[in-house]
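I opened this entry to record what I looked up in the structure.

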Amino acid sequence: MEVNNPGASRGYSGSGSVSCAPETAGCVGAALTRNLSDGPFKGVLFPVNPKCASVPGAHAYPSLSAIPGKIDLAIIALGSPSVPDVIEDCATLGIPGALIVSAGFKECGAEGAALEERILATASSSFSRPRR
């Protein structure tokens, strides 16, 4: 969806994807999508949801690779087991940045720590400054 908010005092441009932007209004991905479209972001927003073709107010893409445009930042709002694969997709597609909005990593024990290490290994070789 094209996002244009001419009344915003600050304009952030570029393009971004929200993966996964759920169809359920109360979910984190839906809130992120809504906040980005209602705020000062003036770029193009590409919601991603492999389970549905649209999210409230926008077409949703089934995957990052299905997005027709350049992506500057991927915002990942998924359960922790899915995040490493999406980070790997970001690296493969040359997406320069990713923001993870999730829980269930090292704070939840050995399994979560292993997921976090997998993410950091991919990020260290693909992004300029991976941070925890």
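**Core.** In this predicted model, I looked up the largest nonpolar core and found 19 residues. Those with the most contacts inside the core are Leu64, Ile67, Ile76, Val83 and Cys90. I noted that β2 (44-48), β5 (73-76), α2 and α3 each give two or more residues to this core. The largest share, four residues, comes from α2.

**Cys90.** I then listed the contacts of Cys90, leaving aside neighbours within four places in sequence. Cys90 is in contact with Leu64, Ala74, Ile95, Ala98 and Phe127.

**Helix packing.** I looked up α2 (residues 83-93) against α3 (residues 110-126): the axes come within 9 Å and cross at roughly 10°. Val83, Pro84, Asp85, Ile87, Glu88 and Ala91 of α2 make the contact with Leu115, Arg118, Ile119, Thr122 and Ser126 of α3. I recorded these contact residues as six nonpolar, two polar and three charged.

**Salt bridges.** I found three salt bridges in the structure. Arg118 meets Asp85 at 2.4 Å, N to O; this pair links helix α3 to helix α2 across 33 residues. Arg118 also forms a salt bridge with Glu88, the closest N and O atoms being 3.0 Å apart. Arg118 lies in helix α3 and Glu88 in helix α2, so this pair ties together parts 30 residues apart in sequence.

**Accessibility.** Arg118 is partly exposed at 32% relative accessibility, as are Asp85 at 40% and Glu88 at 30%. I looked up the salt bridge of Asp72 with Lys70 as well, at 2.7 Å, N to O. Asp72 is partly exposed at 28%, whereas Lys70 is exposed at 61%.

Note on methods:
Residues numbered from 1 in each chain as written. Predicted model: local features only at pLDDT ≥ 70, side-chain atom pairs only at ≥ 80, totals over all residues. Heavy atoms only, no water. Axes fitted to C-alpha atoms, helices over the stretch in contact; angles between N-to-C directions. Contact = heavy atoms within 4.5 Å. Nonpolar A, V, L, I, M, F, W, Y, C, P; charged D, E, K, R; others polar. Core = buried A, V, L, I, M, F, W, Y, C linked by side-chain atoms within 4.5 Å. Buried < 20%, exposed > 50% of the residue type's maximum accessible area, 1.4 Å probe, protein only. Salt bridge = Lys/Arg side-chain N within 4 Å of Asp/Glu carboxyl O.
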